[in-house]
Amino acid sequence: MPERPQDETAEKPPKAAKKAAAPRRQARGERRIAQLLAAAASVFCRTGYAAASTNAIAREAEVSPGTLYQFFPNKEAIAIELGGQLLRRAHEMHGQVFLPENLDKPLPELLDATLDPVIAFNCENPAFWALMHGSGIPGITQEHEELHAGLLARVEGVLRSFCPDSAPDEITHVSNMILGIFKASLDLILASEGAERAAYIAELKTVLLRYLDPVITAPHHH
């Protein structure tokens with residue numbers, strides 16, 4: 001699906017113009033853009049979005065500010081490109097996590113199957129957290145809210161399959177609570193590493209298991 005927009009734009013320029021522009025932009029340009037985005041990710045993680053500057057990003061990428069400006073007019077443009085890439089990857093990852101075969105597992109295995117990839121994604125892409133929660137860029141904020149709404153709907157769907165008799169508002173409250181607990185725990189997980197990080201991941205699973213076990217196994221009274 002992501003290829004479609006590129007295909008449409010590729011048809012528009014005349015063949016000769018496309019031939020001349022493509023090799024230069026695609027080979028050197030794409031490499032340079034990837035280099036700048038990786039540098040921006042490091043800077044955003046280290047200083048936060050607000051304190052980051054295009055000069056700091058150029059320094060991190062070991063290019064001149066002039067080179068950076070050939071590709072991005074300002075810091076916001078870099079954040080939007082990086083945020084867009086990370087959001088696409090997050091959507092793909094959520095799609096792979098909430099597979100029917102994962103949802104048939106007992107609760108402890110279900111928690112492993114759903115939490116581990118989401119935690120790994122956030123640990124491997126710390127800039128995702130920095131941008132989604134700290135950039136204040138309207139486009140990114142809106143897309144992140146949509147991602148969150150999609151995740152909430154998926155969690156509600158899982159809970160509904162476990163507790164078909166529960167009232168819809170109860171399902172919503174529990175789902176929001178799960179995401180709230182996850183978000184708060186992710187702060188601790190991202191701020192630690194190694195054995196400390198593993199310990200917080202294990203604690204998060206314990207918290208969710210103890211919270212959800214009675215909800216899922218107990219008969220419901222309305």
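**Notebook: a helix crossing and the core around it**

I began with H7 and H8, which are roughly perpendicular to each other. The model I am reading is a predicted one.

Next I looked up the numbers for this pair: the packing angle is about 85°, and the axes are 4 Å apart.

Then I noted who makes the contact. H7 brings Phe-121, Asn-122, Cys-123 and Glu-124, while H8 brings Pro-126, Phe-128 and Trp-129. I sorted these residues of the H7 and H8 contact into five nonpolar, one polar and one charged.

On to the aromatic rings, where I found two pairs. Phe-44 and Tyr-49 make a tilted pair, with 5.3 Å centre to centre and 55° between the planes. I checked burial here too: Phe-44 and Tyr-49 are both buried. Phe-121 and Phe-128 make an edge-to-face pair, at 5.2 Å centre to centre with 80° between the planes. These two, Phe-121 and Phe-128, are buried as well.

I found 63 residues in the largest nonpolar core, and Phe-44, Ile-57, Leu-82, Ile-119, Phe-128, Leu-204 and Leu-212 have the most contacts inside it. Among the helices that give two or more residues to this core, I wrote down H2 (15–47), H5 (75–97), H7 (107–124) and H8 (126–134).

Which residues does Leu-82 contact, leaving aside its neighbours within four places in sequence? My list for Leu-82 reads Leu-37, Ala-40, Ala-41, Phe-44, Ala-127 and Leu-131.

Technical notes:
Residues numbered from 1 in each chain as written. Predicted model: local features only at pLDDT ≥ 70, side-chain atom pairs only at ≥ 80, totals over all residues. Heavy atoms only, no water. Core = buried A, V, L, I, M, F, W, Y, C linked by side-chain atoms within 4.5 Å. Buried < 20%, exposed > 50% of the residue type's maximum accessible area, 1.4 Å probe, protein only. Contact = heavy atoms within 4.5 Å. Axes fitted to C-alpha atoms, helices over the stretch in contact; angles between N-to-C directions. Parallel < 35°, antiparallel > 145°, perpendicular 65-115°, else oblique. Nonpolar A, V, L, I, M, F, W, Y, C, P; charged D, E, K, R; others polar. Phe/Tyr/Trp six-rings, centres within 6.5 Å; stacked < 30°, edge-to-face > 60°.
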